[in-house]
Amino acid sequence: MAYRPSKRLKKTVLGVGAATLLAALNAPAAVSFAEEKYHDYKIAQPGYKARYGSWKTMDLPEGYQLNAIHAALLHTGKVLLVAGSGNNQAQFDAGTFSTTLWDPKDNSFKTIETPEDFFCAGHSQLPDGRLLVAGGTARYEVLGDDVTRAGGAMRVKNESPDAPVTLKKGTRFRSPTGVEYVTRADVTVPKAKREFEISYSKSGAMKPWKTKVTASEVQVFVEAVKEGPGGLTTQAAQYEVVGLKGKDADNVYGIAQKLTTEDQDFQGIKAAYEFDPKAEKYIPVDPMKKARWYPTLVTLDNGKVLAVSGLDEVGVVDPGDNEIYDPKTKKWSKGPTRYFPTYPALFLTKGGKLFYPAANAGYGPADKGRTPGIWDLKKNTFEKVPGLTDINQTETAASLLLPPAQDQKVMILGGGGVGESTKSTARTALIDLKDDNPAFEDGPRLPQGTRYLNSVILPDDSVFTTGGSKDYRGRGASDVLKAQFYDPQTNAFTPAADPTVGRNYHAEALLLPDGRVATFGSDPLFADKQNTKLGTFEQRVEVYTPPYLHKNQDDRPVLSDGPQELDQKGRATFKTKDPQRIERARLMRPSAVTHVTDVEQRSIALELSKGEDSVTVTVPDDKALVPPGWYMVFAIDSEGTPSEAQWIHVK
């Protein structure tokens, strides 16, 4: 006789089955929740923190939130976070530009009046501790079907040697066929150059003077007043300036070669300012000769600043017309000519030469300016260096002068293909510039291909690397939530605690005077793996506390009562309660970072002598190694634990 279960048993079996099925369906979520809780427990343990460090996330207070595009540490210990319009077209159109000053000591904030759109400007630390900020945005890009009016470069000429001419934004140019184009920025055309030519007859008598006038010329972006194909032209023509009368109408005119509906890139400005850390405000100085968007500014051994590359006032990559800023005169002069793609990494090295590891942040053709080499500014020669693998993937790469700077070794980490390429590399490479024939050699590989990696030199001579993404601007939810330490002595990576905030394009990281690392920004294209949901700019700050601050949290070396300037022999003496504990000292230049380009940071080994209750450090007398400016002095014990920094001015 066949067995038939009772109704009660059926209900019991069905109930157990349903519960089992429900548990099975929810198993991944339950496991994920349990794993997350265990992970939170694990990373909170003192032993874990002492080995891997820890992260803390904070929101900027209401009213101080901004899209941090640039970050710079000032000698007051405060961090300048610059957004400008913050990659936000609406903010740009409204003329709303922002800067926030953050004090990590008491976690206070201050809004700084921002006079220009410093979005994608360049910056460099000046000898007196001010921060030079130059360039920025004149116009946002217009791409694809959004380009409805023909536009392009108009060369504006002035043949009058008597006076310059200023044409305001909105000035119209009329073609020979009657088509009108309007300017999108103010433009001043200098007066023409007048030269007197003197000649003599065969008998030696002086002939009457002849006057030669050479027209001056500047560029300005124009676009057709009317939409549609009527404004398209590919033929050179002369354009009259609508509204000019008399001699001005004869002397001032425009020449355009090509006005099309092709993609229109971002355009730069010439503006330059010094940010005063004491007054906490921007102070205008003479503008650059060239407009620049995405430029690199690098401090030279004489304290002057070289401005390199950038998109100009019509959105074209600068052909190599670099210029030099003199902080004494507050003026710009012509620099050595050399082409680079935008935001090139340029490191000051021995003899005042600049080393270019090929790391850069974008605009420019794939076959030009992408080769690493040593640039001798005095001779304006460029010695290429071999050995770099994945040389087609140096865009959005991290790079730095490894500690200590005396070793003259440069490292490049990760990077990707040109433009919106999906390529990314896990390659790292190192070069020793002291070698007679320097060449790159491969270093240890990153955990995966990574663009936008931020790399920060720590006082213990390790390099902390964090964040980035595998794909362009974090597409496909490809942010890399990993961090690691690189040890120059062992040439190896070791893991660090994982960050919780993704960082890709428009992200920054820098060392704070207390030995922690702060990270800012991130500007993903999309927020999901399917690339269907638009990303939002990351406004949270995440601060990393390295293991050395967890091992000896309440017992770290202390420097106090020291001078703010070196004596005539380059020395400074600091009081300390336990000088015998201090094993070495480092002089560290504060960062000024954007688009993973930070050519300021460097760590210099200092000669150290110990007294009964003090230590004395001696700074090397080599301006190419220690360019003038404010620096942090760290004392480090045998376990690698640093003191809080003392600031000192190297003149």
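The largest pocket is lined by 37 residues, and Ala138, Ala185, Asp186, Gly268 and Ile269 lie nearest its centre. The structure is a predicted model, in which local features need pLDDT of at least 70 and side-chain atom pairs count only at pLDDT 80 or more, while totals for chains, interfaces and linings use all residues. Residues are numbered from 1 along each chain as its sequence is written, and side-chain values use heavy atoms, with hydrogens and water left out.

**Pockets**

A pocket is an open set of points on a 1 Å grid over the protein atoms alone, where a 1.4 Å probe fits and protein lies on both sides within 12 Å along at least five of seven lines; lining residues have an atom within 4 Å of a point.

At least two lining residues of the largest pocket come from each of α3 (89–94), β8 (137–139), β13 (187–189), β16 (216–224), β19 (267–268) and β25. β16 contributes the most, with four residues. Helices (H or I, at least four residues) and strands (E, at least two) are DSSP runs, numbered from the N terminus.

By class, the lining of the largest pocket has 15 nonpolar, eight polar and 14 charged residues. Ala, Val, Leu, Ile, Met, Phe, Trp, Tyr, Cys and Pro count as nonpolar, Asp, Glu, Lys and Arg as charged, and the others, Gly among them, as polar.

The second largest pocket is lined by 34 residues, of which Glu141, Phe266, Tyr363, Tyr472 and Arg473 lie nearest its centre. This lining has 17 nonpolar, nine polar and eight charged residues.

Two strands pair if DSSP finds at least two bridges between them. Strand β24 (residues 323–326) and β25 are joined by four bridges in the antiparallel sense. Glu323 stands opposite Lys334 in β25.

**Loop residues**

| Residue | Loop | Relative accessibility |
|---|---|---|
| Thr260 | β18 (252–256) to β19 | 13% |
| Glu280 | β20 (272–276) to β21 (281–285) | 14% |
| Thr396 | β29 (381–384) to β30 | 6% |

The side chain of Thr260 reaches the backbone nitrogen of Glu262 at 3.2 Å. This is a polar contact, a pair of N or O atoms within 3.5 Å; within protein, one must be able to donate a hydrogen and the other to accept it, and residues adjacent in sequence count only if both atoms are side-chain atoms.

Glu280 is not a glycine, but has a positive phi of about 55°. Thr396, also a residue other than glycine, has a positive phi near 60°.

Pro403 and Pro404 are joined by a cis peptide bond with omega of about -15°. Pro404 is found in the loop between β30 (398–401) and β31 (409–413).

Definitions and conventions: Buried means under 20% relative accessible area, exposed over 50%, partly exposed in between (1.4 Å probe, protein chains only).
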